[in-house]
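Me: Could you walk me through this structure, one question at a time?
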Amino acid sequence: MKRQDYLNWDSYFMGIALLSSMRSKDPSTSVGACIVSDDNKILSLGYNGMPIGCSDDEYPWEREGNPLDTKYLYVCHAELNALLNYSGTNMKGAKIYTTLFPCNECTKALIQSGIKEVIYMSDKYADTDSVIASKRMMDSAKITYRSYQMCNKEFTLHL
Ligand SMILES: O=c1ccn([C@H]2C[C@H](O)[C@@H](COP(=O)(O)O)O2)c(=O)[nH]1
Ligand SMILES: [Zn+2]
């Protein structure tokens, strides 16, 4: 008889998004993203990090201060990295598993790339204008979003 406690698809892909987030150098919020085709093939992965050529050690990771001395003007978001890391030609109908609800900028890129579903783990910035705008755009673009429902396997996430 086959094993009964195998990972379901959602836990498998969110687990890979979580593992990807562990590559991030961001000391406060590590984000990972996994883009999956409608037939459950992994298309691409990403995490939040500095752009290629911009050293993790030289660019700032601060959250506050002069904007030029904070991470926000430089860091490339996990979802955008996952889109940019894709080497294929067709993302239409794909879904994205992400450990953090996408910001408005990532959402624009997801819409334009043909992503149709967002499965997220944390929505800790739900009250921000950015995430409110993301949901408005997803609703208009008919992208569905749903919260990942944890299975009984153990995941450790520092959000
Ligand atoms: O859609 C998103 C939104 C944010 N991120 C990244 C960008 C930053 O590295 C962190 C957020 O840092 P805070 O200290 O929590 O403000 O998350 C992302 O990858 N995708
Ligand atoms: Zn973003």
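Reply: Gladly, starting with what a record says: the UniProt annotation "binding site", from an unreviewed entry, covers His77, Cys103 and Cys106. UniProt positions are given here in the numbering used for this structure, feature names are shortened, and annotations may be inferred rather than shown by experiment. This is a predicted model, in which local features need pLDDT of at least 70 and side-chain atom pairs count only at pLDDT 80 or more, while totals for chains, interfaces and linings use all residues. Residues are numbered from 1 along each chain as its sequence is written, chains are lettered from A and ligands numbered from 1 in the order in which they are written, and side-chain values use heavy atoms, with hydrogens and water left out.

Me: Is His77 buried, partly exposed or exposed?
Reply: His77 sits in the loop between strand 2 (42-47) and helix 2 (78-85); helices (H or I, at least four residues) and strands (E, at least two) are DSSP runs, numbered from the N terminus. Buried means under 20% relative accessible area, exposed means over 50%, and partly exposed lies in between (1.4 Å probe, protein chains only). At 31% relative accessibility, His77 is therefore partly exposed.

Me: Which residues does Cys103 touch, leaving out those up to four places away in sequence?
Reply: Cys103 lies in the loop between strand 3 and helix 3, and with 15% relative accessibility it counts as buried. Contact means heavy atoms within 4.5 Å. By that rule, and leaving out residues up to four places away in sequence, Cys103 touches His77, Ser130 and Ser134.

Me: What is the volume of the largest pocket?
Reply: On a 1 Å grid over the protein atoms alone, a cavity is a set of points where a 1.4 Å probe fits but cannot get out, whereas a pocket is an open set with protein on both sides within 12 Å along at least five of seven lines; lining residues have an atom within 4 Å of a point. The largest pocket is lined by 22 residues, with Tyr72, His77, Leu100, Cys103 and Tyr125 nearest its centre. Grid points are joined across faces, edges and corners, and a volume is the space filled by probe spheres set on the points. For the largest pocket, that volume is about 440 Å³.

Me: Which elements give two or more residues to the lining of the largest pocket?
Reply: Two residues of the annotated set, His77 and Cys103, belong to this lining. The elements that give two or more residues to it are helix 2 and helix 4 (129-140).

Me: What kind of aromatic pair do Phe101 and Tyr120 form?
Reply: Rings of Phe, Tyr and Trp (its six-membered ring) pair if their centres lie within 6.5 Å; planes under 30 degrees apart count as stacked, over 60 as edge-to-face and the rest as tilted. Phe101 is buried at 3% relative accessibility, and so is Tyr120 at 12%. Their ring centres are 4.9 Å apart with 65° between the planes, and the pair is edge-to-face.

Me: Which residues form one aromatic cluster with Trp9?
Reply: Trp9 and Tyr12 are 3 residues apart in helix 1 (residues 9-21), so about one helical turn separates them. The cluster is made up of Trp9, Tyr12, Phe13 and Tyr97.
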